[in-house]
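Thanks, everyone, for making the time this morning. I would like to walk you through one model, so please have a look at it on the screen before I start.

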Amino acid sequence: MAYNFISCSPDDSALPRHDLRGWLPPQHLCWQVLKVVGELDLSRFLRGYRADGQGGAAYPPQVLLSLVLYCYCKGVRSSRRIEAACLDDVGCRIITGNQHIDHSTVARFLRRHREGMKALFVQVLALCAQRGLVDLSAVAVDGSPMQAAAARSTNRSLHSLETMIADGEAEIDQLTGAMDDSAAAAGSTQHTAAGSCLRRLSRLGDRLARARMARDKLHERALPSAGEIRIKVEAAERMVARAAQRLAEVTAAQQQRLADYARRSLQDQAAGRRRAVGRPPVSIEAKTKVIRQQTRLARAQAGLHRALNPRPIPSAAARASLTDPASRLMLGKHGGYVQGYNVQIACSRNQILLAIELHDNPSDTTALIPVIRRVQHNCATAGLSSDAAAWLADSGYASTANFTALADLPLLVSITNEYDQTMAPTPPSQDVPAGHRDMAARLASTEGKQLYARRGALVEPGFAQLFQRFGRRLHHRGTSDVDAEIKLLGVVHNLNKIFRHDARRKTI
């Protein structure tokens, strides 16, 4: 048995009187895309199709993938524009074998094979490595916002979302009750009213689901990071240990007083006196110092419980988007604010992308470690055994936690703004935090200055090339879909590097 695929061979474009294959020269983008797709492992895509020849016929995944990559290379990202290109673009007609693929098929393919699209990034990086395009003498990391498929006006506060959820649930209950009351009625008017209620119920359910997702996202963002939780737990554990030790000391001292009084009482009774001289000490349970230390211990234990089980409380200023709750309001690259995502890239020489990732925070500080670990994973998977000789990042990534966690790597992170680092003869020696002094000394060396001077030329053109070809606006919503989208943009970016390299080799 075999897959039941629609025939879309480029040979099918050879019509009786018009052979489209002769319309495009051998160096055309269409043939380059088909050649590279033939080098890729598409087993992850084929798992989603039946291999017994049963079921409805489907377009081969290599055809749809070639079509998507070809159109993305030309800056065409809309599924409807891809459908239109299948009519009037000769390259698309050759790839599809003169089949007219509709936009729904393209959109379903991208949605169905999100994970496959993400895995393609490493495969294309491996092709770059095979051609000797990956140079790990220096790797630069940077981030930039991309506008989400959502407007700023869709942001809502936690109070507004709670009100919206309560009102939506009440309205749904009211509509459900009205439909139950009219269920026994007959007639066309009642059926029309029931249909209208169902449509209204569907819209309310969708809006309620998105409001709940936005509310959950606000609580998730208010949750401290793993590092913050660990720091708070360690501090709470120290407080509990000190309180327990102090309670033990106070209790032991009071027990000693009680034991001394009991011993003196026995001695006085043996001497014929009625009781020991002096006021008898109070019991341990009634001792003020013991009660105070027990209260402190209970308070410290409660603090430890809260640190181990944090309850996120969003601030009054926190906002989440109803349209795309995963997006965030962040500073735009050219001023103002945008509703978008923080996209992180890591580039080597000639702007080969080693990683392209989403970061759920407008600040770059906590993105450095995940991006570097992802680059290391991608390079290892792509068959690159050597490590980067230098990691470069601007001052947005400077933090003592990053320097400590990445102490084993040759890392150079600016501790001042970019102009001061590149133009000043020496970095400022005053007001440098203790955790940044080693990095400041490393940057002040001659080798450090020479290496860091390469940062801008490595990574800044990478973003420029991405945005020039694709723009700054994302088309999908949700973390998973947007992550697959930017991975696809990274795949196309590296593919163009391969195409340019192969074209130069043929002309030599």
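I will go from the overall picture to the aromatic pairs, then to one helix and one surface patch.

A word on conventions first: this is a predicted model, in which local features need pLDDT of at least 70 and side-chain atom pairs count only at pLDDT 80 or more, while totals for chains, interfaces and linings use all residues. Residues are numbered from 1 along each chain as its sequence is written, and side-chain values use heavy atoms, with hydrogens and water left out.

The protein has 18 helices and 8 strands, taken as DSSP runs numbered from the N terminus, with H or I over at least four residues for helices and E over at least two for strands. Of its 508 residues, 41% count as buried, where buried means under 20% relative accessible area, exposed over 50%, and partly exposed in between, with a 1.4 Å probe and protein chains only. Among contacts with a separation of 6 or more, 77% are between residues 24 or more positions apart, a contact being heavy atoms within 4.5 Å.

Now to the aromatic pairs. A search of the whole structure finds 3 of them, with ring centres required to lie within 6.5 Å, and planes under 30 degrees apart called stacked, over 60 edge-to-face, and the rest tilted. Phe45 and Phe109 have ring centres 6.0 Å apart and planes at 15°, so this pair is stacked. The two are 64 residues apart and link distant parts of the chain, with Phe45 in helix α2 and Phe109 in helix α6. Phe45 is buried at 1% relative accessible area, and Phe109 is buried at 3%. Tyr72 and Phe470 form a tilted pair, 6.4 Å centre to centre with 50° between the planes. Here Tyr72 lies in helix α3 and Phe470 in helix α17, 398 residues apart.

Which residues of helix α15 are buried? In this helix, residues 437-444, they are Met439, Ala440 and Leu443. Seen down the axis, the buried residues fall within an arc of 100°, so they line one face of α15; the arc is that of the directions from the helix axis to the C-beta atoms. Arg437, Asp438 and Ala441, on the other side of α15, are exposed.

Finally, the surface: Leu329, Leu331 and Tyr337 form a nonpolar patch with about 310 Å² of accessible area together. Tyr337 belongs to strand β5, residues 337-347, and counts as partly exposed at 46% relative accessibility. Patches are made of residues with over 30% relative accessible area and no salt bridge, with like charges joined within 9 Å and nonpolar side chains (Val, Leu, Ile, Met, Phe, Trp, Tyr) within 5 Å; a salt bridge is a side-chain nitrogen of Lys or Arg within 4 Å of a carboxyl oxygen of Asp or Glu. Accessible areas come from the Shrake-Rupley method with a 1.4 Å probe, and for residues only the protein chains shown count as cover.
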